Amino acid sequence: MKLILAIIRNEDSVETLSALMHAGIFVTKLSTTGGFLMVGNTTLLIGIEEERVDEALDTLRLHCSKHEHENLGRLNYGDDFDAGDGEQVIVGGATVFILNVDRFEKL
Ligand code: 2BA
C-alpha cells in the first residue's frame with residue numbers, strides 16, 4: 001500500500017477528482033495554500049495498492065496542467081521579500097510525494 005500526496009491547482013481539481021472516481025480510486029481532497037504564492041491549491045490524499053500507483057500518476061498527468069502565475073511575494077510577505085517579486089512562475093501540473101504505508105485499516 002502507498003500513500004500519494006498530490007498538490008494540484010484548484011482549477012484542475014474537479015476534473016482530476018472525477019477521473020480518479022471513475023477509475024475507482026479512493027481519494028480525499030484537502031484545501032491547502034502554497035507557501036510561496038500564498039494562493040489556494042488542492043492536496044489529494046490517495047491510499048492505493050502499489051500496482052495501481054502508475055495508473056493514478058497517469059491520471060494526474062492527464063488532468064493537471066501547468067500554468068503561469070504572478071509571484072506577489074512582496075504583497076504577501078512585505079518589502080523584505082526578494083525572490084522574484086512580480087515575475088511569473090510556472091505552477092503545476094502536480095507536485096507528488098509517494099509514501100510507503102506501514103499499515104492500513106478501516107475500522
Ligand atoms: P507555492 O509554494 O505557492 O509555489 C508556487 C510556485 O512558485 C511553484 O510551483 C514554483 O514554480 C514557485 N516556487 C515555489 N517555491 C519557490 C521558491 N522557494 N523559490 C522560487 N520559486 C518557488 P510548483 O513547484 O508547481 O509548486 C506548486 C505548489 O506545490 C506549491 O505552491 C506548494 O504548495 C507545493 N509544493 C511544491 N513543492 C513542494 C515541496 N517540495 N514541499 C511541499 N510543497 C511543495
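**Exercise 1. Find how many helices and strands the chain has, and in which pattern they follow one another.**

*Solution.* Start by counting: the chain holds three helices and six strands. Here helices (H or I, at least four residues) and strands (E, at least two) are DSSP runs, numbered from the N terminus. Next, walk along the sequence, and the pattern reads β-α-β-β-α-β-α-β-β.

Two notes before going on. This is a predicted model, in which local features need pLDDT of at least 70 and side-chain atom pairs count only at pLDDT 80 or more, while totals for chains, interfaces and linings use all residues. Residues are numbered from 1 along each chain as its sequence is written, and side-chain values use heavy atoms, with hydrogens and water left out.

**Exercise 2. Work out what share of the residues is buried, and which residues have the most contacts inside the largest nonpolar core.**

*Solution.* Now turn to the core. A nonpolar core is a set of buried Ala, Val, Leu, Ile, Met, Phe, Trp, Tyr and Cys residues joined through side-chain atoms within 4.5 Å. The largest one has 15 residues, and Ile4, Leu44, Ile46 and Ile48 have the most contacts inside it. β1, α1 (13-22), β3 and α2 (53-63) each give two or more residues to this core, with the largest share, four residues, coming from α2.

Finally, zoom in on Leu44. Leaving aside residues up to four places away in sequence, Leu44 touches several partners (contact means heavy atoms within 4.5 Å), among them Ile4, Leu17, Val27 and Leu60.

**Exercise 3. Describe the largest pocket: its volume, and which residues are closest to its centre.**

*Solution.* Begin with the term. On a 1 Å grid over the protein atoms alone, a pocket is an open set of points where a 1.4 Å probe fits, with protein on both sides within 12 Å along at least five of seven lines; lining residues have an atom within 4 Å of a point. A volume is the space filled by probe spheres set on the points.

The largest pocket has a volume of about 330 Å³. Of its 18 lining residues, Arg9, Leu37, Gly40, Asn41 and Val91 are the closest to the centre. β1 (2-9), β3 (40-48) and β4 (67-70) each supply at least two lining residues, and β1 has the largest share, three residues.

**Exercise 4. Find which strand gives the most to the lining of the second largest pocket.**

*Solution.* This pocket has a volume of about 250 Å³. Its lining has 14 residues, with Met1, Phe26, Gly47, Ile48 and Phe104 nearest the centre. The strand is β3, with three residues.

Terms used: Buried means under 20% relative accessible area, exposed over 50%, partly exposed in between (1.4 Å probe, protein chains only).
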